Amino acid sequence: MTAFTVVFFVRTTSLSLVAVGAALTAGQLLVLPLPLLVGRLLDTYGPRIVVAAGNWISVAGFIGFLFSHTAWQIVLWQFVVQLGSTAFWMGSSPLTVQVARGAERARWFGFVRALRNVGVGFGGAASAVALSIGTVAGLRAVMVINVVTFAVAGWLVVTLRDTDPSEAAGAGPAAPERAAPELAAVETTGQREGGYRTVLKDSRYLRLIATNISFVFSSTVITVLLAVYAADNLDVGSWIVGVLVLLNTAMVALLQTLASRWIETRRSAMVLVLALLFNAAAFVVFGTLLVLPGWAVIAGLLIAMVLYTVAEILSSPPTSELSVVMAPEHLRGRYLGVYQLSWSLASAVAPALLTALLQGGAVLPWVFLTAISMLAVPLVLGLDRKPATMSEGAPAADVTPGL
C-alpha cells in the first residue's frame with residue numbers, strides 16, 4: 001500500500017517525490033505513541049469495537065486522501081490512516097482469541113497470516129494494474145475500492161459471532177503446556193495494580209517483547225535489505241529478488257495454515273526457539289553468499305529464503321497468541337499497547353540501522369541479525385509456562401481496570 005500511496009500523490013498532486021515521502025513519513029511518525037491510548041480503549045470497549053473502529057477510521061483517511069493536494073493534508077490523512085491501522089492490528093489478535101476455540105487458536109492465527117499474504121499479493125497485483133494504466137482516474141478508483149473494502153470489513157467485524165463458551169469447552173483439551181489464558185500473571189488478592197506500570201514490571205512479558213523485536217528486525221529483510229544487497233554486493237540479476245519475494249509469499253500462503261496445525265500441538269516456546277534458529281541459519285547463509293562463486297549464489301539465495309520463510313511461518317502464530325494470553329485480561333489492551341509500541345519503534349529504527357550496517361560492510365547486517373536471533377533464544381524458554389506466583393488451577397479474579 002505504501003508504494004501505491006506514494007505514486008498516487010505524485011500523480012494526483014503537484015508535490016515532488018521527496019515532499020510526498022516526507023509528508024507520509026511525518027504522518028506515520030505522529031502515530032508512534034498512540035498504541036498506548038489504543039490499549040486503554042481496548043480495555044474499555046473490547047477488541048470488536050476497536051477493530052471495527054480502526055477500519056472505519058482508515059475509511060475516513062482514504063477519503064481524505066482523495067481530496068488532498070498539499071503536504072499538510074497528506075500528513076493529516078496519513079496520520080488518520082495509520083491510526084486506524086494501529087487500532088486494527090492491536091485489536092485483531094485479542095479478537096481472534098475471543099472468537100476462536102482455545103485448542104484451535106494457533107490454526108486461526110496461521111490462517112489469518114496466510115489470508116493477509118494472499119490479500120497483500122492480490123492488492124499488489126491490482127495496484128500494479130492501476131499503475132500500469134497510469135491515469136489519475138485509475139488511481140482514484142483504487143483508492144475508492146479501499147474505502148469500500150475497509151467499510152465492509154468494519155461491518156463484518158461488528159456482526160462477527162463469538163465462540164459459544166460451551167462449544168469451546170467441548171472442543172477438547174489443548175496440548176500440554178500450550179499457551180492458555182491462565183498464563184496471564186495475577187497478583188495476590190488485595191495487591192493488584194493496574195495501568196502501564198504493571199506492564200513494565202512484568203519481566204516475562206518484557207522477554208516476549210524483546211523476542212518480538214528480533215522478529216521485527218528480521219521481517220524487514222525483504223523490504224529493506226534484500227534488493228540492495230543482491231544488486232550491489234552479489235553478482236546476480238535483479239530478477240532474482242522478484243523470484244525470492246514470490247517464493248516467500250507463496251510459501252506463507254500455501255503452508256501457513258498447514259504448519260499451524262502442527263504448531264498448535266507443540267509448546268509455544270519450543271516453536272519460537274525453532275523459528276529463531278531458522279532465522280539465524282538463513283542470515284548465516286545470506287552472509288556467506290559473499291564468498292561463494294557466482295553459480296552458487298542463486299542456489300544459496302533460494303535456500304536462505306526458504307529458511308527465512310519457515311521461520312516466519314513458525315513465529316507468527318505463537319507470538320500473536322502469547323502477546324494476548326500472557327496479559328492479564330483486565331489489562332490486556334495496555335499490554336498490547338506496549339507490545340505494539342515496541343513493534344512500531346523497531347520498525348522505524350530497523351531501516352536506518354540495517355542500511356547503515358550495510359554501508360559499513362556487506363556482512364555486518366547479517367552478523368547483527370544472526371546475533372539478535374541467537375540472543376533471543378534463552379528469552380523465550382519458559383514463556384508458555386504458568387508464573388510461579390500463580391497457584392495451580394486458580395482462576396484470575398475479576399478486577400477493575402486500572403488507569
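Here is a chat about the predicted model shown above.

Student: Okay, I'm new to this one. How many helices and strands does the protein chain have?
Tutor: The secondary structure of this predicted model comes to 16 helices and zero strands.

Student: And how much of the protein chain is buried?
Tutor: Buried residues are 47% of the 403 residues in the chain. Its accessible surface is about 18,600 Å², and 70% of that belongs to carbon and sulfur atoms.

Student: What about contacts, what share of them join residues at least 24 apart?
Tutor: Counting contacts between residues at least 6 apart in sequence, 84% join residues at least 24 apart.

Student: Let's switch to salt bridges. How many turn up in the whole structure?
Tutor: A search of the whole structure gives one salt bridge. The side chains that meet in it are those of Arg 334 and Asp 43, at 2.5 Å from N to O.

Student: Where in the chain do those two sit?
Tutor: Arg 334 is in helix H15 (residues 332-360) and Asp 43 is in helix H3 (residues 35-45). They are 291 residues apart, so the pair links distant parts of the chain.

Student: Are Arg 334 and Asp 43 buried or exposed?
Tutor: Both Arg 334 and Asp 43 are buried.

Student: New topic: which residues form the nonpolar patch on the surface?
Tutor: That patch is made by Trp 56, Val 144, Val 148, Val 152, Trp 155, Leu 156 and Val 158. Together they have about 640 Å² of accessible area.

Student: Which helix gives the most to it?
Tutor: Helix H7 (residues 136-158) does, with six residues.

Student: Now helix H14. How far does it reach from its first C-alpha to its last?
Tutor: H14 (residues 294-325) reaches 48 Å with its 32 residues, close to the 46 Å expected at 1.5 Å a residue.

Student: Where does H14 bend?
Tutor: It bends by about 30° at Ser 315, and Pro 317 follows within four residues.

Student: Why is H14 called largely enclosed by the rest of the structure?
Tutor: Because 24 of the 32 residues of H14 are buried.

Student: Last one: what's 7.7 Å from Ile 313, C-alpha to C-alpha?
Tutor: That's Leu 255, which is 58 residues away from Ile 313 in sequence. Leu 255 lies in helix H12 (residues 239-263).

Student: Why does Leu 255 count as partly exposed?
Tutor: Because its relative accessibility is 37%, and partly exposed covers values between under 20% for buried and over 50% for exposed.

Technical notes. Residues are numbered from 1 along each chain as its sequence is written. This is a predicted model: local features need pLDDT of at least 70, side-chain atom pairs count only at pLDDT 80 or more; totals for chains, interfaces and linings use all residues. Side-chain values use heavy atoms; hydrogens and water are left out. A salt bridge is a side-chain nitrogen of Lys or Arg within 4 Å of a carboxyl oxygen of Asp or Glu. Buried means under 20% relative accessible area, exposed over 50%, partly exposed in between (1.4 Å probe, protein chains only). Patches are made of residues with over 30% relative accessible area and no salt bridge: like charges are joined within 9 Å, nonpolar side chains (Val, Leu, Ile, Met, Phe, Trp, Tyr) within 5 Å. Accessible areas come from the Shrake-Rupley method with a 1.4 Å probe; for residues, only the protein chains shown count as cover. The expected span of a helix is 1.5 Å times one less than its number of residues. The bend at a residue is the angle between axes fitted to the seven residues ending there and the seven starting there. Contact means heavy atoms within 4.5 Å.
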